[in-house]
Amino acid sequence: YGGAKRWPAEKFAEAARLILANHPGTAVILGGPSEIIAAQNVAKDIYSHKVINLAGQTSLGQAISVLSQCHLTLANDSGLMHLSGALDVPVVAIFGPTNPLTTAPLSRRRALLRRPVDCAPCLGRECLKPTKYCFEGLTPFMVAEAAEKLLAPVQTSRGAIFWTPTQDDNWPTQPLPPNMQLVMAVSDLESLGLLDSSFPPGTLLIPRPLLETRDHIGFLKNHDLNPAASFWMGDIPRSLEGASRFGGRTILIMTSRAQDSLGDWFKLDFTPDLAAPDPQRAIEWISSLMI
């Protein structure tokens with residue numbers, strides 16, 4: 001598509017070194033003919049680790065075969081990123097000028113990394129700025145940290161779905177995954193006139209959102225909930241910000257309100273793990289992670 005989407009080669013190499021230091025193995029570099037020089041620069045900087053550079057040497061089918069054998073993919077917003085998602089290979093996807101809410105990989109196991117800047121997403125093929133501001137704050141350490149979470153075993157202990165519903169939501173018919181507790185705030189339901197709704201069995205209703213309670217950690221301990229195995233679901237930033245404090249994954253429900261405020265989302269320092277059209281699809285995704 002263009003050079004604007006390319007995270008610098010030296011950062012790819014440093015991230016690979018950090019990942020391989022904790023997970024010894026082989027780094028395999030894939031790319032097209034136009035990326036041979038960039039791939040060579042990455043390969044020479046991954047010193048003291050085994051590297052196989054296949055850039056420009058594979059057909060698309062061969063690249064797919066190689067990806068299917070990988071434990072992790074580190075990629076720009078690209079076709080190989082999407083192929084990794086389709087193959088269910090954990091993928092750390094680095095976004096600069098493009099929009100992760102519209103072109104993120106359809107993967108169960110992914111990390112989307114971006115930094116909020118005024119000029120992104122510009123969708124430009126080449127950056128016209130003196131420097132690529134959208135990549136400036138994305139460090140190899142951040143990438144390695146995201147990779148570490150994806151490479152760790154999937155947590156199966158008791159988690160929660162912290163859901164801030166909206167009037168645009170339709171209640172999902174699919175049952176919640178085992179060991180998953182649905183938590184909703186009475187104040188949110190009351191403001192939307194949803195207190196009389198039929199909630200799934202076992203729903204935990206609390207007076208106010210978790211972030212507004214004084215003893216957050218005590219609440220989680222009292223109800224035997226593991227925040228790292230939890231999910232935060234809603235259509236406004238307040239619904240999802242608990243993940244940055246406690247851990248867990250985030251799901252942006254693409255209601256009309258969320259779609260009208262996409263510009264505000266890009267001013268935030270995080271990207272939701274999933275943009276789902278409705279709660280039903282969100283619950284299906286959560287269930288797929290429990291398999």
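Student: How do the residues lining the largest cavity divide into nonpolar, polar and charged?

Tutor: They divide into 10 nonpolar, 2 polar and 2 charged, where Ala, Val, Leu, Ile, Met, Phe, Trp, Tyr, Cys and Pro count as nonpolar, Asp, Glu, Lys and Arg as charged, and the others as polar. This is a predicted model, in which local features need pLDDT of at least 70, side-chain atom pairs count only at pLDDT 80 or more, and totals for chains, interfaces and linings use all residues. Residues are numbered from 1 along each chain as its sequence is written, and side-chain values use heavy atoms, without hydrogens and water.

Student: What volume does that cavity have?

Tutor: The largest cavity has a volume of about 140 Å³ (grid points on a 1 Å grid where a 1.4 Å probe fits but cannot get out, with lining residues having an atom within 4 Å of a point). Of its 14 lining residues, the closest to the centre are Phe162, Thr164, Pro209, Leu210 and Trp232.

Student: Which elements supply the lining?

Tutor: Strand S6 (159-163), strand S7 (180-185) and helix H10 (237-240) each supply at least two residues (DSSP runs of at least four residues for helices and at least two for strands), and the largest share, 3 residues, comes from S7.

Student: New topic: in what order do the strands of the open sheet run?

Tutor: The order is S3-S4-S5, with parallel pairing (at least two DSSP bridges between two strands). Strands S3 (73-76) and S5 (110-113) each have a single partner strand, so one side of each is left without a neighbour in the sheet.

Notes:
1 Å grid on protein atoms, 1.4 Å probe; cavity = no way out; pocket = protein on both sides within 12 Å on 5 of 7 lines; lining within 4 Å. Points joined across faces, edges and corners; volume = space filled by probe spheres on them.
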